[in-house]
Number of protein chains: 2
Amino acid sequence: MLASALNLSPGTVSKALKDSYEISAETKQKVMEMARRLDYVPNPYAGGLRKRKSKTIGIVLPVISDSFFALAIEGIEAVVHEKGYHVLICLSHERYLEEVNILKDFGSGRVDGVLMSIASETCESQHIRSLLEKDVPVVLFDRVCDDVKTARVSTDDKEAGYTATEHLISRGCRRILYLSISESLSISTERLQGYRQALTGHGLPVEDKNIILCTGNAEQMKRTIEEALSQGRGGPNGHGHRGPNGPERGDERPDGIVASVEKLVTPVYLACKALHLSIPGDVKVICFSNMPQASLLSPALTTITQPAFEIGKAAACLLFKAMEKADFDLGKASSILPSVLTIREST
Amino acid sequence: MLASALNLSPGTVSKALKDSYEISAETKQKVMEMARRLDYVPNPYAGGLRKRKSKTIGIVLPVISDSFFALAIEGIEAVVHEKGYHVLICLSHERYLEEVNILKDFGSGRVDGVLMSIASETCESQHIRSLLEKDVPVVLFDRVCDDVKTARVSTDDKEAGYTATEHLISRGCRRILYLSISESLSISTERLQGYRQALTGHGLPVEDKNIILCTGNAEQMKRTIEEALSQGRGGPNGHGHRGPNGPERGDERPDGIVASVEKLVTPVYLACKALHLSIPGDVKVICFSNMPQASLLSPALTTITQPAFEIGKAAACLLFKAMEKADFDLGKASSILPSVLTIREST
């Protein structure tokens, strides 16, 4: 209808509506004006309705204020847009019950497939299995779980945890804190395993008091980190023994931090500031982060960077394979992409 | 059905499903287990289907990697969650055509109301009016447009632009760049108007060469800013006149920057680094930003902070008023919330 009204080929109209680079700005404007006049619903979606397909991919994320997820969404959308699909983003806010409700909603025909990264509260996966049983394919990315038979796209979390910890050890750290936001999330436990292995491998003790769970808002996280950093600074053996820079100064005090998620960067820096601990003089800091400002922080932050864009893209590609080929087995299609260590001033 | 299976009141079940604080963790778990066993779709949504209501609010954002929007979403969700609604987030990627397609999709019954912040490419608003004509209420926030008769919730952009510029003038800046990402967006033009007024009000000339449009990715923005900062450093009168710190050194060179959106922070800092310009020694920088890391940058960044959470919350409240009361006139319900200047090392 739109094509004949404009005397253009349906292909040209379709490309113009999808904002293809092959179509001139002038033609696009003509098409859009006519589409508006006729109150036209673009073909991809109208076609979808006829086939009872939503032409929509649902994305479930635990939080939005995180550079990793922002980049992963870009990777997902690069694929989804190419296929003429829409994306809907829903947030679980790290809560299990919100995640359950989102998946129920997604199971009612609203989306054709789901990409998700699970909430820090989530310890079981029946809600994901229920969605799969309704023939809605699901691909997990970054924060995955092992007891669901579907594709997982993540980074080499254990190796990355090992690399981060070993880097601090190579810089002379001996009492290294591991900070996480969950005791059950795959990313937390895998990275922690790498931390443990690195310490053990270098003959250092793994101490429970150095493995710190940070919950709540940024202010609460900061207080938790301050407490952890104050170990061995006061107490029966702490007072009266502080030299200007000798080993007396807090010789039980942590001298390194592995922060396992980006959210922890600000609380870690603020906690060190509050305690007058210099980074990297008193404490060396490495963080898992995709923050574009990492190099601009004072001091510039050493990071483990995940290939966020690529993870999003790979997850979306697998999802479309499952949607397009009935015999494609998602359960056998997981992939692991390597992280990168970028050394800066903070270590 | 669920309530009777559990021998609980429907109110208790409904509250448990909404994760209310009034219900114990134990009861919630019982309810969730039974809900799972019966493959129960929660009442708010099922009720919605019966009334042909989606119980869903659509949010249209230009980008996701921005602290302002992350916080605004939190404000929106505080209201939406309380009302038992879902939120769907769609991204326009600053593109007019994507925005048009999202609104078409939202107009097909997918959502009951829309909160949106418009794309930098968008210069006209027929697509928004079309949605309003379909009786889907729309509230614009932050990036608004004047030619749609609906509520707008934004910050005092003109005053904030004035305040930012006046602050730089008070610090001795005389050649101040104004950086924006669009020539049509309300936030860009209003803040620019404030910039012009402040210069004029303090007897300084407004020069076109100092009003810079930054487009493309971060790398392209950085190059644009480098060029703008290189004004008066070379050229026929520039060479051979550079003293160590006297006025000869680039006496035509810009000595201040008002960056009108957060996205510009990283390119500005990197451009100054590349040109070996010290902040605040050579160039003073102020940016509109809600970044939690502003105080941790090197140097700490002076910011104009918008009340992002409050803007999101106010916009969502107005939307629900319009959805709940047929005679509520959104066209008369706009509100403006003040921004805050936080002075740090960069100025």
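Biologist: What makes helix 11 of chain B "mostly covered"?

Modeller: Seven of the ten residues in helix 11 (residues 265-274) of chain B are buried. Buried means under 20% relative accessible area, exposed means over 50%, and partly exposed lies in between (1.4 Å probe, protein chains only). This is a predicted model, where local features need pLDDT of at least 70 and side-chain atom pairs count only at pLDDT 80 or more, while totals for chains, interfaces and linings use all residues. Residues are numbered from 1 along each chain as its sequence is written, chains are lettered from A and ligands numbered from 1 in the order in which they are written, and side-chain values use heavy atoms, with hydrogens and water left out.

Biologist: Which residues of helix 11 of chain B are buried, and what do they pack against?

Modeller: They are Val265(B), Thr266(B), Pro267(B), Val268(B), Tyr269(B), Ala271(B) and Cys272(B). These buried residues pack against strand 6 (176-180), helix 10, strand 8 (256-259) and strand 9 (284-288) of chain B. Helices (H or I, at least four residues) and strands (E, at least two) are DSSP runs, numbered from the N terminus. Just after helix 11 of chain B, His276(B) takes a positive phi of about 55°.

Biologist: Why is Phe69(B) called buried?

Modeller: Its relative accessibility is 2%, so it falls under the limit for buried. Phe69(B) lies in helix 5 (residues 67-82) of chain B. Leaving out residues up to four places away in sequence, Phe69(B) touches Leu61(B), Pro62(B), Val63(B), Ser117(B), Phe141(B), Asp142(B) and Arg143(B). Contact means heavy atoms within 4.5 Å. Phe69(B) and Gly312(B) are 243 residues apart in sequence, and their C-alpha atoms are 8.6 Å apart in space.

Biologist: Is Gln231(A) buried or exposed, and how do you know?

Modeller: Its relative accessible area is 16%, under the limit, so Gln231(A) is buried. Gln231(A) sits in the loop between helix 10 (218-229) and strand 8 (256-259) of chain A.

Biologist: What makes the pairing of the Gln231(A) side chain with the backbone oxygen of Lys209(A) a polar contact?

Modeller: The separation is 3.0 Å. A polar contact is a pair of N or O atoms within 3.5 Å; within protein, one must be able to donate a hydrogen and the other to accept it, and residues adjacent in sequence count only if both atoms are side-chain atoms. The distance of 3.0 Å is within that limit.

Biologist: Why is the pair Arg110(A) and Asp105(A) called a salt bridge?

Modeller: The test asks for a side-chain nitrogen of Lys or Arg within 4 Å of a carboxyl oxygen of Asp or Glu. Arg110(A) and Asp105(A) meet at 2.9 Å, N to O, so the pair passes. Arg110(A) is buried at 7%, and Asp105(A) is buried at 3%. Side chains of opposite charge can pair when their charged atoms come close.

Biologist: How do you know that Asp329(A) and Lys332(A) meet in a salt bridge, and how accessible is each residue?

Modeller: Their N to O distance is 3.8 Å, so it is within the limit. Asp329(A) is partly exposed at 32%, whereas Lys332(A) is exposed at 72%.

Biologist: What places Arg223(B) and Glu219(B) about one turn of the helix apart?

Modeller: Both lie in helix 10 (residues 218-229) of chain B, four residues apart. An α-helix has 3.6 residues a turn, so residues three or four places apart point the same way. The closest N and O atoms of Arg223(B) and Glu219(B) are 3.5 Å apart, giving a salt bridge. Arg223(B) is partly exposed at 45%, and Glu219(B) is partly exposed at 39%. Elsewhere, salt bridges that share partners join Asp142(A), Asp157(A) and Arg191(A) into one network. The count over all chains is 27 salt bridges.

Biologist: How many salt bridges and polar contacts does the rule find across the interface of chain A and chain B?

Modeller: The rule finds zero salt bridges there. Seven residue pairs are in polar contact, both residues at pLDDT 80 or more. Several elements give two or more residues to chain A's side, including helix 3 (25-37) and strand 2 (86-91) of chain A. Helix 6 of chain A gives the most, with nine residues.

Biologist: What makes up the area buried between chain A and chain B?

Modeller: Carbon and sulfur atoms give 57% of about 4500 Å². Buried area is the accessible area (1.4 Å probe) that two parts lose on being put together, summed over both. The contact joins 51 residues of chain A with 51 residues of chain B.
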